[in-house]
Amino acid sequence: MSGDAACIASVVRNVRGDVILVGHSYGGSVITNAARQASNVKALVYPVWKKIPSWAIITTQDKAIDPNGQRWMAKRATAHVVEVKSSHAVSVNHPGAVADAIFDADLGTR
């Protein structure tokens, strides 16, 4: 994971302006660690972090990560929460909800 995070961070550091990182499942851990290495990350969507504003999409029909566990992680990070009646594959089944969360993260960090 550290190699993946370093790769993402190196790309993000070369972007002019603020960046919102979006990760799903394993990607959530990667972007959380990448954000530690890039000062221009203004928000994270799906991973929850205490120092960077976060938005969490709780998938209420998830069989991979229990929704109560998702809620606990989101609460711990004081994330903005959206609940979607979806399986773990929320970005495939509900791309509009994911896009809305990204848009909200942008607006919420201006």
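Q: Where does Ser25 lie?
A: Ser25 sits in the loop between β1 and α2, where helices (H or I, at least four residues) and strands (E, at least two) are DSSP runs numbered from the N terminus. This is a predicted model, in which local features need pLDDT of at least 70, side-chain atom pairs count only at pLDDT 80 or more, and totals for chains, interfaces and linings use all residues. Residues are numbered from 1 along each chain as its sequence is written, and side-chain values use heavy atoms, with hydrogens and water left out.

Q: Why does Ser25 count as partly exposed?
A: Its relative accessibility is 32%. Buried means under 20% relative accessible area, exposed over 50%, and partly exposed in between (1.4 Å probe, protein chains only). Ser25 therefore counts as partly exposed. Ser25 also has a positive phi of about 55°, although it is not a glycine.

Q: What makes Thr78 exposed?
A: Thr78 has a relative accessible area of 65%, so it is exposed. Thr78 is in the loop between α3 (67-76) and β4 (80-84), and its phi, near 50°, is positive in a residue other than glycine.

Q: How do you know that Ala35 is buried?
A: The relative accessible area of Ala35 is 7%, so Ala35 is buried. Ala35 belongs to helix α2 and touches Leu21, Val41, Leu44 and Ile52, not counting residues up to four places away in sequence; contact here means heavy atoms within 4.5 Å.

Q: What is the largest nonpolar core, and which residues have the most contacts inside it?
A: A nonpolar core is a set of buried Ala, Val, Leu, Ile, Met, Phe, Trp, Tyr and Cys residues joined through side-chain atoms within 4.5 Å. The largest one has 13 residues, and those with the most contacts inside it are Val12, Leu21, Ala34, Ala35, Val41, Leu44 and Ile52. At least two residues each come from α1, β1 (19-22), α2 and β2 (41-45), and α2 gives the largest share, 4 residues.

Q: Why is α1 called oblique to α2?
A: The axes of α1 (residues 2-13) and α2 (residues 26-35) come within 8 Å and cross at roughly 60°. Angles under 35 degrees count as roughly parallel, over 145 as roughly antiparallel, 65 to 115 as roughly perpendicular and the rest as oblique. So α1 is oblique to α2. Asp4, Ala5, Ile8 and Ala9 of α1 meet Tyr26, Val30, Asn33 and Ala34 of α2 in this contact.

Technical notes. Axes fitted to C-alpha atoms, helices over the stretch in contact; angles between N-to-C directions.
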